[in-house]
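I have one chain to go through, so please look at the screen.

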Amino acid sequence: METGIETLYQLSQIDSQIIKLENLLKKLPQEIQQLKEESEALISKLEHVNNELKKLEKLKKEKELEIQEQEDRIVKIQQNLDRVKTNEEYKALLREKAHIEELIMDIEDEILQIMEQQEHLEKEREEIKKQVEIERKKIEEKIKQKQKELETIKNKIQQLKEEREKIKQNISKPLLSKYETIRQARDGLAVALAQDGTCAGCYMIIPPKLYSEVIKAEELFTCPHCGRFLYYESK
Ligand SMILES: [Zn+2]
């Protein structure tokens, strides 16, 4: 007698494929999002260097302004030198002038250091830029791939669902409804293989008498532990 177990098994194979694909489908948008974030992180790395460079440029301008101010002071001292009457005043002004000139030299040193830092950072920026270009291209490629994968999986699920509908035609309504009940209660898997005396759905031992009945396949049997239909695959 035809019990329909083979058809049920076929149906459950399709259902488990659909489950696997749907799980993949759930993960893909997250993976795509993650890739987009990676790409943004690269950009912010570049922005960080750009900001550092801006800060240095600002600092350099400030230092240049300081030099300007000190030079203005020297000009004034120079004018005063022509007007002073005593030797003491004259000497004091010359000392002040010398002091300011030292100050200017110090600031010029600082500016040189800033310029070295700028040069260093600019090189780094070029490196990062190149790296970002390469990495972003790779990431974009990966995103495209994932999107393609997403479409492929969607199509495959559609195909499987159509196949499922066809197979369903060959199963009686009461049996199909029992199948659906078990499927919903048992993580989408309503038919389990009976292998080596064990139910492959719940990994529990099938009583030996029942197991031999399952092998004979003259009737439909369910696992006494998990309630799934048992199917023995004859080799
Ligand atoms: Zn079981």
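One term before the details: a residue is called buried under 20% relative accessible area, exposed over 50%, and partly exposed in between. Tyrosine 232, with a relative accessible area of 29%, is therefore partly exposed. I will come back to that tyrosine. Please keep in mind that what you see is a predicted model.

Overall layout, then. The chain has 4 helices and 3 strands. Read from the N terminus, the order of elements is α-α-α-β-β-α-β. How does the radius of gyration of the chain compare with the globule rule? The chain comes out at 41 Å, whereas the rule gives 18 Å for 235 residues, so the chain is more spread out than a compact globule. The C-alpha trace, taken along its principal axes, spans about 130 × 35 × 30 Å.

Some totals for the chain. Of the 235 residues, 31% are buried. The accessible surface is about 16,500 Å², and carbon and sulfur atoms account for 50% of that. There are 43 positive and 49 negative charges, and their mean positions lie 7 Å apart. If we take contacts between residues at least 6 apart in sequence, 71% of them join residues at least 24 apart.

Now helix H1, which covers residues 5–83. I picked two residues in it. Glutamine 33 lies in helix H1 and is partly exposed, with a relative accessible area of 41%.

Next, the aromatic residues. The count of aromatic pairs is 2. One of them is made by tyrosine 211 and tyrosine 232. A pair of aromatic rings is described by the distance of the centres and the angle of the planes. For these two tyrosines the centres are 6.3 Å apart and the planes are at 90°, which is edge-to-face. Where do the two partners sit? Tyrosine 211 is in helix H4, residues 208–216, and tyrosine 232 is in the segment after strand E3, residues 229–231, so the pair ties together parts that are 21 residues apart in sequence.

Tyrosine 211 is buried, at 15% relative accessible area, while tyrosine 232 is partly exposed, at 29%. Setting aside neighbours within four places in sequence, tyrosine 232 is in contact with Ala194, Tyr211, Val214 and Ile215. As a further distance, the C-alpha atoms of tyrosine 232 and glutamate 213 are 9.8 Å apart, for a separation of 19 residues along the chain.

Last item, backbone angles. Most residues other than glycine have a negative phi. Is aspartate 187 buried or exposed? Exposed, with a relative accessible area of 71%.

Aspartate 196 likewise has a positive phi, near 50°. Its place is the loop between E1 and strand E2, residues 198–199. Aspartate 196 is exposed too, because its relative accessible area is 77% and the cut-off for exposed is over 50%.

That is the end of my list.

Conventions: Residues numbered from 1 in each chain as written. Predicted model: local features only at pLDDT ≥ 70, side-chain atom pairs only at ≥ 80, totals over all residues. Heavy atoms only, no water. Helix = DSSP H or I, 4+ residues; strand = E, 2+ residues; numbered from the N terminus. Rg over C-alpha atoms; globule rule 2.2 N^0.38 Å. Buried < 20%, exposed > 50% of the residue type's maximum accessible area, 1.4 Å probe, protein only. Contact = heavy atoms within 4.5 Å. Areas by Shrake-Rupley, 256 points an atom, 1.4 Å probe, with all protein chains shown as cover. Lys, Arg positive; Asp, Glu negative; His and termini not counted. Charge placed at Lys NZ, Arg CZ, Asp CG, Glu CD. Phe/Tyr/Trp six-rings, centres within 6.5 Å; stacked < 30°, edge-to-face > 60°.
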